[in-house]
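I opened this entry to record what I looked up, one stop at a time. I begin with the surroundings of the ligand.

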Amino acid sequence: MKAPAPEPMVRVEGLVNRFGSQMVHDAVDLEVHRGEIFGLVGESGSGKSVLLRSLIGLQRPVGGRILFQGRDIRDLSPAQWRMVQKEWGVLFQQGALFSGLTVLENIELPMQEHFRLSDGLRRALAKLRLRLVRLPVEHGEKFPADLSGGMNKRAALARALALDPEILFLDEPTSGLDPISASALDELIRDLRDTFGLTVVLTTHDLHTLAEICDRLAVLVDGKAITGTLEEMQRHPHPWLRAFFRGARMQSVLNRR
Ligand SMILES: Nc1ncnc2c1ncn2[C@@H]1O[C@H](COP(=O)(O)OP(=O)(O)OP(=O)(O)O)[C@@H](O)[C@H]1O
């Protein structure tokens, strides 16, 4: 007898998001499996960020359901909601870190909100997070404005890891980075997944990120999600997918793999 399929980490069923007369998601269905790096792709305005915001409860959908480890996030009590949030690490595109706090203070903030820890232990755990993202510990005393773009992303990732999450939601993690920093960040994300078995959901326009580290993709087109591996996307007949995955830019990335 075949073993039952494991519960997906995230399941989205018939998700609808609309702003006024603008339909952004018109019944989006997808599943994110435990331990995979799942990329959300689509043209600008296709609703990648709105989907990510819906997944973490910041955007209340007009219709459909979002199940996190089998539980509908709408049914969670406030206490359960706090528990679930501890399992999430989130990195937003803009305004990742508080500018008035040092990097270490930024990383400690979620710990302060969720755990009762001594100052010394909290600081030690924050420094550990810095090491995980390969940032020199002395950078922890700096303010975000005194770090490069790439270092800021790493620091924000360290904060996303503050609560030892099971799943990371990353909104355009490599945007604004030079190619070398972007590749290094891709590698870091993959290493974190490999080392800790994290599940990662990310939005990206970065062809390298989706070709190099994503296990599966969801392409948002016509208000729906088409999901599959990169190879499946390349064979898909939808005109947008054909243009994107068989276009010259994508081909040059794939040829260099
Ligand atoms: N709070 C809001 N109120 C009204 N419209 C919104 C709101 N949030 C998003 N939208 C609209 O929803 C659409 C999808 O936006 P979203 O930011 O998800 O796109 P995206 O795919 O992430 O784009 P990009 O790749 O440019 O970041 C856009 O047309 C945007 O203007």
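**Ligand shell.** I listed the residues around the ligand in this predicted model. They are Phe-19, Val-24, Gly-42, Ser-44, Gly-45, Ser-46, Gly-47, Lys-48, Ser-49 and Val-50. By class I got 3 nonpolar, 6 polar and 1 charged.

**Helix H1.** I turned to H1 itself, residues 48–55. Is the helix mostly covered or mostly open? It is mostly covered, with 6 of its 8 residues buried. I noted the buried ones as Lys-48, Val-50, Leu-51, Leu-52, Ser-54 and Leu-55. Lys-48 and Val-50 are on this buried list, and both also stand in the ligand shell. After H1 comes Gly-57, and I read a positive phi there, near 80°.

**Nonpolar core.** Next I looked up the largest nonpolar core. It has 61 residues. Those with the most contacts inside it are Leu-40, Ala-158, Phe-169, Val-200, Val-201, Ala-218 and Val-219. Helix H5, residues 149–160, supplies the largest share of this core, 5 residues. I kept one general point beside this: in soluble globular proteins, nonpolar side chains tend to be buried together.

What does Val-219 touch, leaving out residues up to four places away in sequence? I found Val-41, Gly-42, Ala-225, Ile-226, Met-233 and Leu-241. Gly-42 was already in my notes as one of the residues around the ligand.

**H3 against H4.** I checked the pair formed by helix H3, residues 103–114, and helix H4, residues 119–132. Their axes come within 9 Å and cross at roughly 115°. The crossing is right-handed. From H3 I wrote down Leu-104, Ile-107, Glu-108 and Met-111. They meet Arg-122, Arg-123, Leu-125, Ala-126 and Arg-129 in H4. The residues of this contact divide into 5 nonpolar, no polar and 4 charged.

**Ser-175.** My last stop was a loop. Ser-175 lies between strand E7 (167–171) and helix H6 (179–196). Why does Ser-175 count as partly exposed? I found 16 C-beta neighbours inside 10 Å. Buried would need 20 or more, and exposed 12 or fewer, so Ser-175 falls in between.

Technical notes:
Residues numbered from 1 in each chain as written. Predicted model: local features only at pLDDT ≥ 70, side-chain atom pairs only at ≥ 80, totals over all residues. Helix = DSSP H or I, 4+ residues; strand = E, 2+ residues; numbered from the N terminus. Near = placed C-beta within 6 Å. Nonpolar A, V, L, I, M, F, W, Y, C, P; charged D, E, K, R; others polar. Axes fitted to C-alpha atoms, helices over the stretch in contact; angles between N-to-C directions. Left-handed = near helix turned anticlockwise from the far one by under 90°. Contact = placed C-beta atoms within 7 Å. Core = buried A, V, L, I, M, F, W, Y, C linked by C-beta atoms within 7 Å.
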